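Here is a brief report on one protein chain. Please look over the sequence and the model first.

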Amino acid sequence: MSEPLFLKPVLHEKIWGGNHLKTEFGYDIPSDHTGEAWAISAHKHGPATIINGEFAGLKLNELWDQHREQFGNAKGDVFPLLTKILDANDDLSVQVHPDDQYAAEHEHELGKTECWYVISAEPGAELYYGHNAKTREELAEWINNGEWNKLFRKVPVKAGEFYYVPSGTIHALGKGIMVLETQQSSDTTYRLYDFDRVDATTGEKRELHLKQSIDVTTVPHHDPKLNTGVSEVGDAKVTTFVQPPVSKYFTVAKVELANGSAEFNRQGLYTLVSVLDGIGELEVDGQTYDLKKGQHFIIPNPVKSWKYSGNLTLIVSEPGE
């Protein structure tokens, strides 16, 4: 029988984390400084566990290695995508990620292009997104002199917005923002600035990576032009935020359903789904699965069509290349 793969998120404590992953999504968080739920993850730093069906108990990376047919016999040593929910109770460090070539050479993993769907944002919340340097020499000078106010670009943010963050983009979530992040499956981060914070466990400031940041930052910064589109599938409104060729790594869309139903047919090799709000049902191969806020699942390759019904807000992604 073809069936969806529901997953148990892996929770990570962070210096900037809070408790909204519990209060908003009902997760059993380890502390009130929980910053990330790795919801659909096969990364070695936090692989999610399958909780239903014949593969229950397997980690997602184990399923990828042992049953590649579930993913359309996709190529690649590692499952390519990672879905997270982030709770920025304080500003994250301002950072930048490498592309595939630099990451392979220096970190032995994938590069990190990512994107954010803004779940919620407190009044006045801002993102760090991009920079003002015109040349790499100017970038290096401002970084080495700590001229952060001159360098960093801040953007006001509100719920429902979407931001695409290609590798090489200086960025950070600001205080009071929750996002669903879709990214390449990489945990490589180069910190530029961390507000001189001291880690409560070590009593030390967290490591910075100024040389690597200068190496990998795209200069000058340009806001990406997204190929966004809106369509209707059954009773559902589908907003596609980014897709190839703008993003070669993933397609990301929002599916909104209000007291209705919608049937979808397979497009990519497999589909990643996060339930951001609402209550409803998923029907696959004659079986019905209850859906509620905070669930995450994969619709594997053997499933060729499926149906949602109820009141649901979903973020859906598929691999690109």
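## Contacts and burial

Residues 24 or more positions apart supply 72% of the protein chain's contacts with a separation of 6 or more. The model behind this value is predicted.

Of the 321 residues in the protein chain, 53% are buried, that is, under 20% relative accessible area. The chain exposes about 14,400 Å². Carbon and sulfur atoms contribute 45% of that area.

## Overall dimensions

The radius of gyration of the protein chain is 20 Å. A compact globule of 321 residues would have a value near 20 Å, so the two agree. The C-alpha trace spans about 65 × 40 × 40 Å along its principal axes.

## Secondary structure and the six-stranded sheet

The protein chain holds six helices and 20 strands. Six strands form an open sheet in the order S2-S3-S5-S12-S7-S10. Their pairing is antiparallel. Strand S2 (10–18) and strand S10 (162–165) stand at the edges. Each has a single partner strand, so one side of each lacks a neighbour in the sheet. From one strand to the next, the twist averages 25°.

## The S7–S12 pair

Strand S7 covers residues 114–121, and strand S12 covers residues 177–184. They pair in the antiparallel sense over seven bridges. Which residue in S12 is the bridge partner of Cys 115? That partner is Thr 182.

Note on methods
Residues numbered from 1 in each chain as written. Predicted model: local features only at pLDDT ≥ 70, side-chain atom pairs only at ≥ 80, totals over all residues. Heavy atoms only, no water. Pairing = 2+ DSSP bridges. Helix = DSSP H or I, 4+ residues; strand = E, 2+ residues; numbered from the N terminus. Axes fitted to C-alpha atoms, helices over the stretch in contact; angles between N-to-C directions. Rg over C-alpha atoms; globule rule 2.2 N^0.38 Å. Buried < 20%, exposed > 50% of the residue type's maximum accessible area, 1.4 Å probe, protein only. Contact = heavy atoms within 4.5 Å. Areas by Shrake-Rupley, 256 points an atom, 1.4 Å probe, with all protein chains shown as cover.
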